[in-house]
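Hello,

Here is the structure I promised to send over.

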Amino acid sequence: MDRLGTAVRKLSAMAVAVATGAALVGCGDGDGTAVIGVAAPLSGEAAVWGGPVDSLTRAVVNRVNDLGGINGTKLKVVSEDEKFNAEDGVRAVTKLINSDNAQFIIGPTSGTFMATLNQAERSEVVIASPYAGMVEFDARANPYTFRTVGPDTFDGLTVAKNIWDQGFKTLSILYENVDSARSTSNWVEDFYTKLGGKVAAKVAFNGGQSSYLPEVRSAFEPKPDMVFLAGSVEPAVPILREWARLRLPGNWSFISELTYPVLIKEVGAQYLEGAFGQTPMAADSPAIAGMRELLTEEYGEQEGNEIAEQPTAGLTYDAIVSAILAMAAGGEATGVAIAENLHKVTDSGGKPVYTVDEGLELLAKGEKIDYQGASGPVDFTSTNTAAPDYGIFQVIDGQWQVTRRYTGTELYDLAEELG
């Protein structure tokens, strides 16, 4: 980062303070800073989701602090391990709100997110999730909660549409008996049959089993054209290894949580060649380059690129940047400012911006902005859900490669058509 560029950005951030003229009161930890909380799975198998949340949050916060903070107030990150468990997650969120006085919390998985919706509104602390796709959220949302991922209906529709578009007419569904995998699998079944396909078998399994051979055999027994696997990495690896050992013919499609390089590494690229995966991502948005640049500056080229390539990176980045820009638009680093200004910095009608730097600079000039993200347009619905674009990945030459894209608008229209 060159010194001239840094100086210009700091002056821009100072101008935000002058333009808003707002005083920051009642937040932070008493030392002139405002706390940004991370409540994400930072240990165990789900750390592949939570680790990038923590890294991205710190990178964005450091950039904002370099620019002078929000109305002169610096930001500080405090992280708590949500442990992919609602009970631990609620404790983490409560600690961040009550002990750390966090104004914005990023990263909870579905169980924690749904359990803390009312707490967010009562405390006037904004909580955002980049991967909580529970359909029930829209009926319980409030101004202090938002997500940058579409509902599980969209995950299910994307999987179903790709399998159908690829010409596969019969499908088996093999899913872990947990809320997120069960929900997505139900929507895959619903949309796939409405498109004209046939679900030949639907088989549940529990994580932590010593063997998954009965479930694997049941899924492949009707000889489906495709098997959709929904679950976490821990059981997915032995399932795929047992399938490979049995030498069963068939094609795989994976839930977004499994569209990770670690799956190829643990199972073997030779077995997964041609397999499909999917995850929310934008179609060549300039915000992706901005995210990569920020991560490279913060962590170096290799580590920065590794973080940027995680399936939920764009969703996380967009959640953090949207919240930061909403704070700046409101002139204070508070949850109230985010709740009141989130739509103002992301709705259409303003000048498109693709980085936090651009957004802060234009806000300082009193201009209206429309943040366009790394995961898509970031157009929030009335219930604060921003449905991203989705990318279809396929294992080609031993690596995940994007082979097809479906826009959020396209998925909305198809979901309405199929009912």
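This is a predicted model: local features need pLDDT of at least 70, side-chain atom pairs count only at pLDDT 80 or more; totals for chains, interfaces and linings use all residues.

The largest cavity has a volume of about 50 Å³. Around it you will find E45, A46, V48, W49, F84, S232, V233 and E257. Sorted by class, that lining comprises five nonpolar residues, one polar and two charged. Both domains take part here, since at least three lining residues come from each of domain 1 (33-150 + 284-386) and domain 2 (153-281 + 392-418).

The second largest cavity holds about 30 Å³ of space. Its lining is made up of T148, S375, G376, P377, V378, A386, A387 and P388. In this case the classes are five nonpolar and three polar, with no charged residues.

I also looked at Q372, which sits in the loop between β12 (369-371) and β13 (390-396). Is Q372 buried or exposed? With a relative accessible area of 18%, Q372 counts as buried, because the cut-off for that is under 20%. The Q372 side chain makes a polar contact of 3.0 Å with the side chain of D370. Beyond its neighbours within four places in sequence, Q372 touches S285, A287, P352, V353, Y354, P377 and V378.

Happy browsing, and best wishes

Terms used
Residues are numbered from 1 along each chain as its sequence is written. Side-chain values use heavy atoms; hydrogens and water are left out. On a 1 Å grid over the protein atoms alone, a cavity is a set of points where a 1.4 Å probe fits but cannot get out, and a pocket is an open set with protein on both sides within 12 Å along at least five of seven lines; lining residues have an atom within 4 Å of a point. Grid points are joined across faces, edges and corners, and a volume is the space filled by probe spheres set on the points. Ala, Val, Leu, Ile, Met, Phe, Trp, Tyr, Cys and Pro count as nonpolar, Asp, Glu, Lys and Arg as charged, and the others, Gly among them, as polar. Domain bounds come from an automatic or database domain assignment. Helices (H or I, at least four residues) and strands (E, at least two) are DSSP runs, numbered from the N terminus. Buried means under 20% relative accessible area, exposed over 50%, partly exposed in between (1.4 Å probe, protein chains only). A polar contact is a pair of N or O atoms within 3.5 Å; within protein, one must be able to donate a hydrogen and the other to accept it, and residues adjacent in sequence count only if both atoms are side-chain atoms. Contact means heavy atoms within 4.5 Å.
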